[in-house]
Amino acid sequence: MLLRATHTTTYRYSEPVSICHTEVHLAPRPSSRQRLLEHELVIRPEPANLDERLDYFGNPVTFFCLSEPHDTLTITSHSVVALDGQAPPLTGISPPWQEVCDQLRRRDNPDTLAACEFTFESPLIQLGPEFAAYAAKSFTPGRPLLEAAFDLSHRIFTGFTYDQRATTVTTPVREVLKTKQGVCQDFAHFFIACLRSLGLPARYVSGYLRSGPNSIGAEASHAWVAVFSPGYGWFDFDPTNDVMPAADHVTVAWGRDYSDVTPVKGVALGGGEQTISVAVEVVPVPPPAHAETD
Amino acid sequence: MKTLDSPWRYQPEEGFYDEVLQPSGAIRPHWRGLTESILTLGEGGFRERWKEGQRLIHDHGITYNVYGDPQSTDRPWPLDPVPLVMDPAEWRSIEAAVAQRARLLNSILADAYGPQRLLKNRLLPAELLYPNPGFLRPCQGIAVPGGTFLHLYSADIARAPNGNWWVLADRTQAPSGAGYALENRLVCSRVLPDVFKNSNVRRLAGFFQAYRQTLTALAAHQRDNPRIVLLTPGPYNETYFEHAFLARYLGFTLVEGGDLTVRDNHVYLKTLGGLLPVDVIVRRQDAGFCDPLELRPESMLGIPGLVQAVRCGNVAIANALGSGMVESAAPSAFYPSLCRQLLGEELKMPTVATWWCGQEGPLSYVASQLHNLVVKPVFPRPGDQPIFGARLTEVERRQLVSKMRAEPGKWVAQEQVALSTVPVWEDGQLAPRHVVVRVYAVAHEGGYKVMPGGLTRVTPSLDNLVVSVQRGGGSKDTWVLGGKAEEQLTLLPPTSRRLPVSRATFDLPSRVADNLFWLGRYLERVEAMVRVIRSMLPRLTQESDATQASGLHAGARLLQHQGYIKPTSPHLEAPLLALLYDGARRGSLGHSIHLIHSVVWPMRDRISADAWRILTRLDQQFAAEPPPEPLRLSAALDLLNQTVITLAAFSGLTLESMTRGEGWRFLDIGRRLERSLQMIELLQHALAADPVVNRGELEAVLEIADSTLTYRARYQTSMQTDLVLDLLLIDEANPRALVFQLARLSEHLEQLPESRSRTRRPAEARLLLRLLTNVQLADVSDLAAPESLQPFLQRAAADLRQLSELLTRTYFNHAVTSHRLSAP
C-alpha cells in the first residue's frame, strides 16, 4: 500500500517576525513496517540555513532559520511511503505482562536495557498509582501483555470523549484522567502513563492517519503509542481509533512524549498576534500503470 | 579542656575535629603564625582591623541576592575576618583528590553523552541516567573541544572527627563562588597585610590565569583574540555580583541571553554597532535555560538556536551544556568502582557515605538507620530540602520509609557528617562554627589545576549543619601555606602573535546602552529635584518677605506638576520634608536615588569602583533615620547640599573614567536630554504660567538653574525676564542653557553608528537640528511674553520626547518579545 501525505503548517503574524528558529519532525521515519519513497520539505519564505540530522531517538529532524523579516511562514511536507500492511499480531500469544515487568527490571540484554528508557517519567508524562489503578482492570494477573494493552486501548476509545476544545498541547495527563476528554495526543499520553506506572515501557508515536470518514484525528498530524514485548519488539496501538495500526498509519517519529517529537516548533522574535493553520491529507497513491501490466 | 589563651577564650566543642586546636589544647603548627599575630593585635586592635574590612566589603559592593526576599535585591557579603589556614602537605593530597574527581566526573559525562558504556556494562543504573533532568538528550553526540565538559569544577569538602576529608557535594553545572573566594582574599589580605605577608600564603591569581587560558583556547576561530562573553541569568540571580566581578576581572563582556542571537548557526553579540561574532560563552546560567528551542521551552532567558550552533562547532560553552548531570548525590555511591573502571585508580577522597535506595540492600539499610542519615530526592526540584532523619518523629520516619518504598529509585541517603570546627569572630571573641570548604579545579593542559585556596563557608550556629549563605551562614578566606615569593602574575592574555593596537574597549550590548541612557536621565532628574527643593527650604524659614515668598511659587508649581507634592498643600514644609525623608514613597528623593542604584547595579562591570562607592554612600545617607523635629529643616538643607556635591562627583567620576565610546555617549545623551526637559519645565511653570513675573520668581529660577553667578556678573542687580531667558535658553556659553544641551546632543548624534553609516541624516538627527536652529534663532524679547513663551517651550518639549522615542526605537529595540511556535 502506497500512501501520500501532505502536511501544511501556516503561521500568520500581525507584525513582522525579524528572526525565527524552527525545528521540525516531518520526514517519515523508515522502519520494519514502512519504507520512505519520497520526501520533500518546502519552506516559504526560503530559510537562510537548513540542517538535517537524526535526533537522540533516531528520528530525522530538520532545523532551519529565517533571518529576514516576514509576516507569513508556510511549511509544507510531501511524503510518499510504502506500508507492508502486515496484519496485526495475535495479541494472545505475547508473554504475561508481569513477566515483562520482571525482564525490564533485570534489563539483562541490550533490548530490554534500551526499552527501559521508556519506563520513566518524561517532560509531559507523570506517573502515579492513579494511572496504575486505572490500568489494573485491563492488566489482570497473568494476562498476555498485548491483549491487556489492546483492552486498555479499547477502554480509552469507549470511555473517553474526543474533543478538540477540551485540551491544549500542555494539558497534564492527570487532568486527562479526571475529565476523560481530549485528542489523540492526550489519549496517547494517558495510555503511556498507565503502562509506565505499571513498570512497562511505552513510547509516543507521531504520524499521520489515512483520511476517511471513519478516521478520527486524520485532519491534523496524528499520535498513538507503541508497547514493547521483549524478544518481539514494539507493537503499535491507536486508542483514538481502537485499532492496532497497520495499513492506514504513517509513522513519522517516536520518543518519550509529544515534547520529543513535536512536528513543528520554533521561537520567533516579534510577530505580535499569531494564527496557525494546519492541514493534513493522506491518500492512497494509485499503483503506477506499468505495475498492472507486469 | 581545649582553650586558646585570653582574650580570645576560644573553646571548641567536644566531639568534633577542631581545625586550630589539638585535643591536648595545643595549637596546630600551621595555625601558629596566624594565632600569634592575632594575639599580638589584641582584641581592640583586631576590632579596628575588622572595621576596616567591613568598610572594604561595603565599598567594593560585595553582595549576594537572597531569593524570595522582596525587601532587597542585594545584601552585604558575610565574611568572617579569621581565615581558614591549611597545612601545605595536607593541601597537596586535597589537590590531588579534587583534580582526580574532576577527571572522573568529566569521564562520566563523556560516556553519558557518548557511547554510554557505563550503562551497557551495568556500572551505572539506568535510573540515574534516563530520568535525570540534567541529562540533555539534544546534547547527545555533540563533540566538545578536547573532550572537556567540565572547564570549572568545584567540590564541597568537609573534615570528619577522625581528621579525614570527605566530599559532600559536586558542582558541575556552573560552579559559583570562585569570585567570592577572590574577593575574600582581597579584603583579608588588606585587613591583615602583615600576617598575610609573613605566612607565605599561596596566591590565587595563577588559577584565574589558567582559567582564562583554558577559555581562550576553546575558541574555534579568532584564536588569538577571541570574543568571550559571560552569560548571566540577570541581576536577580543570587550571585549576580560575582558574575559582574568575574567578567570585569577576566576581561569578558557580561551578557544576558537577550544580548545574543544566532544567525547561520553562529552566535553574535547585539551591539550598537551591529552583530559581533562570539567564540566562547562562559555559562553562569543553568544549561536547561540556554535554548528555548531545543532545551526547556518555557524559558525565555535563553538563545534560540544555541544548541545547533554548538553542534556545528561554531561556539564553545563552558561548562559544556549537559554537564549539570553529575551534580546528583546518588551516582557518587558508585564512584569508587567507576574510578577504578574509568581512570584505573583508587578514589583518593571518599564521598560522604551514600546509599542509593534503588537497590534492595541499601534501601533496607537506610530504612533501619534513618535516625543517623540525611535523605534527599535523587533529582531535587527547586525548593526541596534535605530531610534530617534525626529530627523526625517515629511516625514521620515511618511515613518517609513508605514513601521511599513506593519509589525507591528516587531517593538517596547520606551519612550526617560531624563537620569540623573553626573559630569565627563574634561579639569580640572567637566562637566555634562548623566548616565546609569549596575547592575549585580548572581544566588546564590536559589535566586539572586546583585553586590553592577556596571558598570556606561556616554554619550560622554550632547546632546547624547546613552551610548556606542563603540561610545565614558566613564565609572565610582560605589560606594555603607553603607559598614561595611567587612571581607577579598578570591577567593579560599571552598570545602566539602580537595583537594590533585596538581602540575598542568593551563591546556595548544595546541593553547596556539603554541602561546608560536612563542612568543619565535619572541622575539629571534627581539633581533637578534637589535643586528645586534646596531653593525652597530657606525661603520657608525667612520671615514673610514678599519677594522671598513669591520665589516659592515657581518651585511649588513645578513640584506639583511633576506630581511630587499635592496641589492642595497649604503648608509646604511637611510635604517637602516628606520628599526627603520618606524613602518608601514613590517619587521621594530616597526612592529616586534607590532607582539610580538599581539601574547601575546590572552594569556593575562598567561603572568604576570609585563611582560605585559614591553611589552606595548616597543611598545610605538617605536610608539613615531623619534627625529630630526642630533640627529637621536645617539638617535637610545640609543633606541637599551634600547630595548636590555627591551627585556631581558620581557623574564626574563616571563620565571621566569612561572611555569616550558609545557607552559614554549614551550616558551623556541621557543627561543632556533630561537637563533640557527639566529646564523647559522649570521655565514653563515659573515664567510662562504667570502673566506677571516678579523679581522673587526670577531669582528662584536662576538659583534652581545654577546660573545666579553668571547673571549677576553680567547684569548686576537688575532683574528682567528677557535677560533671564537669554541666559537659560540661548546663551551658548552657559553650560546650563537649553541651547548648550542641544548642541552637545547634536554632536553625539553625529557620532552614533546610524549617522556614520549613512549619507543622509537619520530622523533623530534631523529632528534635533530643527530644534537647535529654532532655539538659536529665537528672539528673547518676543519670548518674554507668556503667550509666546508657552507654545515655544511646549514644542521644544514635544520634540525632545520624540527624540527619546526615536533613539529607543533605533538603538534599544532588543526589548522585542519572542513567541513560541508549536503545531501538531
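This is a short tour of a predicted model, stop by stop.

**Stop 1: confidence in chain A**

Colour chain A by pLDDT. Its mean is 92, and 97% of its residues reach 70 or more. Now pick out two helices. Helix 6 of chain A, residues 184-197, has the highest mean pLDDT among the elements of the chain, at 97. Helix 8 of chain A, residues 289-293, has the lowest, at 50.

**Stop 2: a covered strand in chain A**

Select residues 202-209 of chain A. This is strand 8 of chain A. Is strand 8 of chain A mostly covered or mostly uncovered? It is mostly covered: 8 of its 8 residues are buried.

Zoom in on A:Gly207, and you will find A:His222 of strand 9 opposite.

Show the backbone hydrogen bonds while you are here. Strands of a sheet pair through such bonds, either parallel or antiparallel.

**Stop 3: where chain A meets chain B**

Show both chains. At their meeting place, 35 residues of chain A are in contact with 26 residues of chain B. On the chain A side, the elements that give two or more residues are strand 1 (2-24), strand 3 (49-54), strand 4 (60-66), strand 12 (264-270) and strand 13 (274-284). Which of these gives the most? Strand 12 of chain A does, with 7 residues. Colour this side of chain A by residue type: 18 residues are nonpolar, 11 polar and 6 charged.

**Stop 4: the domains of chain B**

Colour chain B in three parts: domain 1 (63-352 + 417-480), domain 2 (353-416) and domain 3 (510-813). Domain 1 of chain B comes in two stretches of sequence, with domain 2 between them. The C-alpha centres of domains 2 and 3 of chain B lie 63 Å apart.

**Stop 5: a sheet in chain B**

Finish with an open sheet of 3 strands in chain B, in the order 8-9-10, with antiparallel pairing. Strand 8 (260-263) and strand 10 (274-277) of chain B stand at the edges; each has a single partner strand, so one side of each is left without a neighbour in the sheet. Neighbouring strands of this sheet are turned by 45 degrees against each other on average, direction ignored.

Select strand 9 of chain B, residues 266-271. Its antiparallel link to strand 10 of chain B has 4 bridges. Look for B:Leu269, with B:Leu276 of strand 10 opposite.

Note on methods
Residues numbered from 1 in each chain as written. Chains lettered and ligands numbered in written order. Predicted model: local features only at pLDDT ≥ 70, side-chain atom pairs only at ≥ 80, totals over all residues. pLDDT = per-residue confidence, 0-100. Pairing = 2+ DSSP bridges. Axes fitted to C-alpha atoms, helices over the stretch in contact; angles between N-to-C directions. Contact = placed C-beta atoms within 7 Å. Nonpolar A, V, L, I, M, F, W, Y, C, P; charged D, E, K, R; others polar. Domains from an automatic or database assignment. Buried ≥ 20, exposed ≤ 12 C-beta atoms within 10 Å, placed from the backbone.
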